[in-house]
Each structure stands twice: as structure tokens, then as C-alpha cells.
Amino acid sequence: ETCRPEEPCYFLHSDMLHEAPVCIGIVHDPEMLTAYGNVYWAFDATGNRNTGQLVRLDFQQPHGPGSMDHSVAAVRRYVEVELIKGA
């Protein structure tokens with residue numbers, strides 16, 4: 001659910017993992033191989049905020065509304081893939 005401009009948005013899954021602290025782009029992967037289909041790819045521009053790395057976030061298992069446990073996830077940072085903002 002998208003937050004309206006007058007609402008504060010907290011506790012988004014991408015925020016909870018803290019694995020892509022300077023995420024400047026994220027996309028859902030519609031793959032069907034994982035159990036719940038909760039895979040996202042992020043452009044993390046940590047460093048100079050113009051270049052960054054590709055990060056795969058698999059939230060693996062939904063926790064339901066109200067739960068704050070975001071510990072069940074698999075994160076892979078592709079350090080060999082350098083992304084350039086605007087390229």
C-alpha cells in the first residue's frame with residue numbers, strides 16, 4: 001500500500017534490512033522460483049552516490065501485519081557489478 005503525501009511511511013521492508021542504505025532504485029522480480037516471490041533488486045549507491053552495486057533482496061517469508069521481525073531474509077551484494085547513476 002502506498003503512503004499518501006500527508007502520511008509518514010515507516011517500516012518498509014527495504015528500510016528494515018539496512019543492507020542498501022543509499023538505495024536509489026528498486027524493482028520487484030516477478031520470478032516464481034522462491035517460495036513467496038518476494039525478491040527485489042536494488043541499486044545501492046553507497047559511497048559517492050553516483051556509482052554503486054547491484055543488491056538482491058529476498059524477503060523469503062511474509063510475516064503478516066504488525067510484526068517487526070525482519071530477520072528472515074537473504075541478501076546478496078554483487079560487488080563485481082558496478083552501476084553508474086544515469087547511465
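Start by selecting Tyr40: its bridge partner is Leu57, which lies in strand 3. Strands here are DSSP runs of E with at least two residues, numbered from the N terminus. You are looking at a predicted model, where local features need pLDDT of at least 70 and side-chain atom pairs count only at pLDDT 80 or more, while totals for chains, interfaces and linings use all residues. Residues are numbered from 1 along each chain as its sequence is written, and side-chain values use heavy atoms, leaving out hydrogens and water.

Next, select residues 39-44 (strand 2) and 51-58 (strand 3): these run antiparallel, joined by six bridges. Two strands pair if DSSP finds at least two bridges between them.

Now zoom out. Four strands form an open sheet in the order 1-2-3-4, with antiparallel pairing.

Go back to strand 2 and pick Asp44. Is Asp44 buried or exposed? Asp44 counts as buried because its relative accessibility is 1%; buried means under 20% relative accessible area, exposed over 50%, and partly exposed in between, with a 1.4 Å probe and protein chains only.

Show the side chain of Arg77 too: it makes a polar contact with the side chain of Asp44, at 2.9 Å. A polar contact is a pair of N or O atoms within 3.5 Å; within protein, one must be able to donate a hydrogen and the other to accept it, and residues adjacent in sequence count only if both atoms are side-chain atoms.
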